Amino acid sequence: MTKKIAFQGEPGAFSHAASANVFPGEEFLGCVTFEETLNAVQTGKADFAVVPVENSLYGRITDIHHLLPESGLHIIGETYLRVEMTLLGVPGATFEDIKAVQSLSVALGQCRKFIASHGLRTINAVDTAGSAREIAAKADKSVAAIASRFAGEIYGLNVLAENIEDADHNTTRFLVLSPSEKLAPNTGKVKTTFVFRVRNVPAALYKAMGGFATNGVNMTKLESYMVGGAFTATQFYADIEGHPDDVGVQHAFDELKFFTDYFKILGVYPAAD
């Protein structure tokens with residue numbers, strides 16, 4: 001039976017492409033916001049969601065770090081997508097006609113050098129593919145969209161410039177979310193993602209992290225962000241290489257829990273190349 005996959009954006013969005021990589025041939029559901037994307041899975045409108053969590057140029061996708069821990073959803077996989085940004089104009093427009101560019105703030109941030117070097121005005125929008133659709137509808141030769149070539153083909157726009165991202169390593173990491181927990185078997189390369197809050201004692205974070213070093217567990221990601229609107233309430237989001245069944249990971253988690261007042265595993269899943 002066909003599965004329905006939720007993603008943030010419109011047809012042609014990079015999240016749509018990432019979803020198709022993970023779930024080829026399935027049905028896809030575009031959502032306006034990340035909240036709506038997660039809610040589609042929470043309410044059964046979709047079977048899975050594919051959401052971006054970080055980009056090699058722009059950094060973390062802040063909304064996901066805040067929404068995911070409280071969503072009740074589980075990470076069951078990940079995928080990486082090479083992001084190639086394209087400047088798209090309406091038929092008949094030339095590069096010299098363009099005075100402004102419209103796209104998702106993350107996409108604009110990935111093309112800062114190109115935008116600045118050409119003195120273009122930026123217009124923030126909900127997503128890249130939606131920008132392509134709006135530019136096509138407005139038919140204004142002075143405004144271009146930054147999106148994928150695929151989005152340009154869908155909405156009948158012309159390519160004015162290719163690969164305008166600031167670096168050729170521009171890659172986005174996506175997480176695959178499920179309403180039910182599905183721990184990956186302890187074979188091959190496995191990642192474990194979790195969140196925690198340290199107790200309010202001196203050097204708590206230093207001591208909490210020590211267990212990973214002494215037990216030989218590699219931590220590939222550690223992000224902090226405020227919760228509850230309080231400067232003193234800091235939550236950490238972390239990825240490690242390893243499975244909770246590994247003895248080293250078990251010992252590291254035991255030490256971590258001793259210095260935390262909140263700990264939650266968000267997913268155990270195969271590491272993508």
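**Exercise 1.** Is cysteine 31 buried or exposed?

*Solution.* Note that the model is predicted. Take the relative accessibility of cysteine 31: 3%. Buried means under 20%. Therefore cysteine 31 counts as buried. Cysteine 111 is buried too, at 0%. Now look for disulfides: a search of the whole structure finds zero.

**Exercise 2.** Find which strands the salt bridge between glutamate 27 and lysine 4 links.

*Solution.* Start with the contact. The two side chains meet at 3.6 Å, N to O. Next, place each residue. Glutamate 27 is in strand 2, residues 27-31, and lysine 4 is in strand 1, residues 4-8. The partners are 23 residues apart. Last, check accessibility. Glutamate 27 is partly exposed at 41%, and lysine 4 is partly exposed at 26%.

**Exercise 3.** Trace the salt bridges of glutamate 54 to arginine 173 and lysine 221.

*Solution.* Step one: arginine 173 meets glutamate 54 at 2.8 Å, N to O. Arginine 173 lies in strand 11 and glutamate 54 in strand 3, so this pair ties together parts 119 residues apart in sequence. Step two: the closest N and O atoms of glutamate 54 and lysine 221 are 2.9 Å apart. Lysine 221 sits in strand 13, 167 residues from glutamate 54. Arginine 173 is buried at 2%, lysine 221 is buried at 7%, and glutamate 54 is partly exposed at 22%. Step four: widen the view. Shared partners join these residues into one network, whose members also include Arg60, Glu78 and Asp239.

**Exercise 4.** How many salt bridges does a search of the whole structure find?

*Solution.* The search finds eleven.

How values were computed: Residues are numbered from 1 along each chain as its sequence is written. This is a predicted model: local features need pLDDT of at least 70, side-chain atom pairs count only at pLDDT 80 or more; totals for chains, interfaces and linings use all residues. Side-chain values use heavy atoms; hydrogens and water are left out. A disulfide is a pair of cysteine sulfur atoms within 2.5 Å. Buried means under 20% relative accessible area, exposed over 50%, partly exposed in between (1.4 Å probe, protein chains only). A salt bridge is a side-chain nitrogen of Lys or Arg within 4 Å of a carboxyl oxygen of Asp or Glu. Helices (H or I, at least four residues) and strands (E, at least two) are DSSP runs, numbered from the N terminus.
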